[in-house]
Amino acid sequence: MVEDNFRHKGKRQQLVKTVTRKGITDKKVLEAIGKIPRHLFMDSSFEDHAYQDKAFPIAADQTISQPYTVAFQTEKLEIEKGDKVLEIGTGSGYQTAVLCELGAKVYSIERQRELYKKTKNFLSKIGYRPKYLSFGDGYKGLPEYAPFDKIIVTAGAPYVPKDLLGQLKIGGRMVIPVGTEVQTMTMFIRKSPKEFDKTEFGQFRFVPLLEDKN
Ligand code: SAH
């Protein structure tokens, strides 16, 4: 089912209003939310709820993030066209699609094989072309493609992975939810090889960023 009809479009505009009311101001981010058919990123049994500002279950016990959260993290990244962006936790591919809409060159890692395969097929089917989708462990990043302008972590990290900080360009920024039960949204801007500016925002709830499967 790849239908996107006027009802979906109408509900999407309501969703844009909702996230705007919650404080998102970046026009390009709002446009992306208004354009991407979120209902196609989730199981058809949730179709009626796809434009609520809520997280929902996807395959492999994971979730598609809440649109407000996606918008919040994306806004903080200040994406510019052509930015090389590393995403940890491809999941449904919704956040990946938002980054693609903003003109980023997206590299994304997912550790659940089922999701990795499904999302890879799905994104190409609906016309999104991330640079590279990887099946693997996000804690390690993608050293062979580093450095990145921006890094976004879309699962709750019990601590900040050193490898990820090391893969940021000087001047680059990373947005990562840090914590176990609840997470504090945290932004790092790399000032020099060894210095990072750290800013903390509000609290969010994510599925955990898991370490090695074995
Ligand atoms: N960006 C996704 C959010 C998915 S939820 C979306 O928009 O739908 C977080 C995802 O992170 C899950 O799919 C989970 O499997 C994945 N994940 C958890 N630990 C990981 C790790 N160590 N490396 C890569 N992905 C991981």
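These legends walk you through a few views of a predicted protein model.

Residues are numbered from 1 along each chain as its sequence is written, and local features need pLDDT of at least 70, side-chain atom pairs count only at pLDDT 80 or more, and totals for chains, interfaces and linings use all residues. Side-chain values use heavy atoms, leaving out hydrogens and water.

**View 1. The overall fold of the protein.** Here you can find 6 helices and 9 strands (DSSP runs numbered from the N terminus: helices are H or I with at least four residues, strands E with at least two). The radius of gyration is 16 Å, close to the 17 Å that the globule rule gives for 214 residues, so the protein is as compact as a globular protein of that length. That radius is taken over C-alpha atoms, and the rule is 2.2 Å times the number of residues to the power 0.38. The C-alpha trace spans about 50 × 40 × 35 Å along its principal axes.

**View 2. Inside the protein.** Of the 214 residues, 53% count as buried (under 20% relative accessible area, with a 1.4 Å probe and protein chains only). Among contacts (heavy atoms within 4.5 Å) with a separation of 6 or more, 52% join residues 24 or more positions apart.

**View 3. Helix H3, residues 67-77.** This helix is mostly covered, with 10 of its 11 residues buried. Among them are Pro67, Tyr68, Val70, Phe72 and Leu77.

Notes: Buried < 20%, exposed > 50% of the residue type's maximum accessible area, 1.4 Å probe, protein only.
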